[in-house]
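The exercises below are meant to be worked with the sequence and the 3D view side by side. Please try each task before reading its solution.

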Amino acid sequence: MADAVRGAGACVVLIESIPLVLHGLRAALEGDGFTVPSATGDPHAGVRAVLEQRPEVVFVDLDLPGGTGVGLLQRLHRQCPATRMIVAVSPQHDDDSLLLAALMAGATGYLLKDTETADLLRIVRAVQRGCVTLGPRIGDSLSALLMRLAGTDETPQFPALTNREREVLRLVSLGYGNRRIARELFISEKTVRNYVSAILPKIHASSRSEAILSVRLSGTPSSESVSRVG
């Protein structure tokens with residue numbers, strides 16, 4: 001009951017692509033005393049709602065069409081750093097790379113969409129209080145992932161690039177044009193062009209085609225992994 005009292009009236013914006021999940025989330029949160037001023041499956045409408053409402057918590061679907069979930073997290077973290085972000089993913093799409101990408105993008109809560117309502121509400125309350133909270137079954141995955149990362153001394157591919165430049169390069173390697181990259185990462189086409197211009201000399205490529213070849217020869221993660229992490 002104390003948790004419910006602390007959560008009462010807190011503002012939560014929902015960005016979820018599956019209508020049934022969206023309505024269920026809204027009902028559960030409002031039934032527990034939270035205020036949900038916006039619940040939408042449109043990521044652009046969701047961003048507008050967050051910018052207007054400045055909620056304590058935003059719930060982001062990582063299964064958004066086009067794999068835009070992580071890019072959306074990054075934008076929200078830049079523009080609304082005080083808003084806590086919880087992400088949810090379908091069990092069949094969950095993997096270590098997606099978990100790590102979400103946490104690096106600023107998420108402080110991570111859960112699977114089949115999480116029980118009681119656990120969901122517990123996670124929302126904990127994130128609202130400033131805790132980093134993982135849903136059931138996720139903690140073991142993170143522990144194993146951190147142990148693997150700690151045990152490797154491999155140098156990251158293209159160490160001269162920033163993390164953002166690596167994201168752009170991976171999307172270039174999929175054959176995406178500037179417009180689609182801009183849409184995936186929630187940035188302008190001009191910004192994409194600037195990134196590409198900065199990336200090419202850093203990887204000693206004179207064209208996008210050479211950049212794509214460099215990525216493929218380097219053994220960078222597959223297109224499936226890249227498309228899913230935004």
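**Exercise 1.** In which loop does Thr 83 lie?

Solution. The model is a predicted one, in which local features need pLDDT of at least 70 and side-chain atom pairs count only at pLDDT 80 or more, while totals for chains, interfaces and linings use all residues. Residues are numbered from 1 along each chain as its sequence is written, and side-chain values use heavy atoms, with hydrogens and water left out. Thr 83 is found in the loop between H4 and E4, where helices (H or I, at least four residues) and strands (E, at least two) are DSSP runs numbered from the N terminus.

Next, take its surroundings. Thr 83 counts as buried because its relative accessibility is 8%, buried meaning under 20% relative accessible area, exposed over 50% and partly exposed in between, with a 1.4 Å probe and protein chains only. Its side chain reaches the backbone oxygen of Pro 55 at 2.9 Å. Not counting residues up to four places away in sequence, Thr 83 touches Arg 54, Pro 55, Glu 56, Val 57 and Val 58, contact meaning heavy atoms within 4.5 Å.

**Exercise 2.** Find which residues touch the most other members of the largest nonpolar core.

Solution. A nonpolar core is a set of buried Ala, Val, Leu, Ile, Met, Phe, Trp, Tyr and Cys residues joined through side-chain atoms within 4.5 Å. The largest has 27 residues, and those touching the most other members are Val 58, Leu 62, Leu 72, Leu 73, Leu 76, Val 87 and Tyr 110. Among the elements that give two or more residues to this core are helix H4 (69-79) and strand E4 (84-89). Leaving aside neighbours within four places in sequence, the contacts of Val 87 include Val 60, Leu 62, Leu 73 and Tyr 110.

**Exercise 3.** Describe how helix H9 meets helix H10.

Solution. Begin with the axes, which are lines fitted to C-alpha atoms over the stretch in contact, with angles running from 0 to 180 degrees between N-to-C directions. The axes of H9 (residues 178-185) and H10 (residues 189-202) come within 8 Å and cross at roughly 105°. H9 is therefore roughly perpendicular to H10, a class that covers angles of 65 to 115 degrees. Then list the residues: Asn 178, Arg 179, Ile 181 and Ala 182 of H9 meet Glu 189, Val 192, Arg 193 and Val 196 of H10.

Conventions:
Angles under 35 degrees count as roughly parallel, over 145 as roughly antiparallel, 65 to 115 as roughly perpendicular and the rest as oblique. A polar contact is a pair of N or O atoms within 3.5 Å; within protein, one must be able to donate a hydrogen and the other to accept it, and residues adjacent in sequence count only if both atoms are side-chain atoms.
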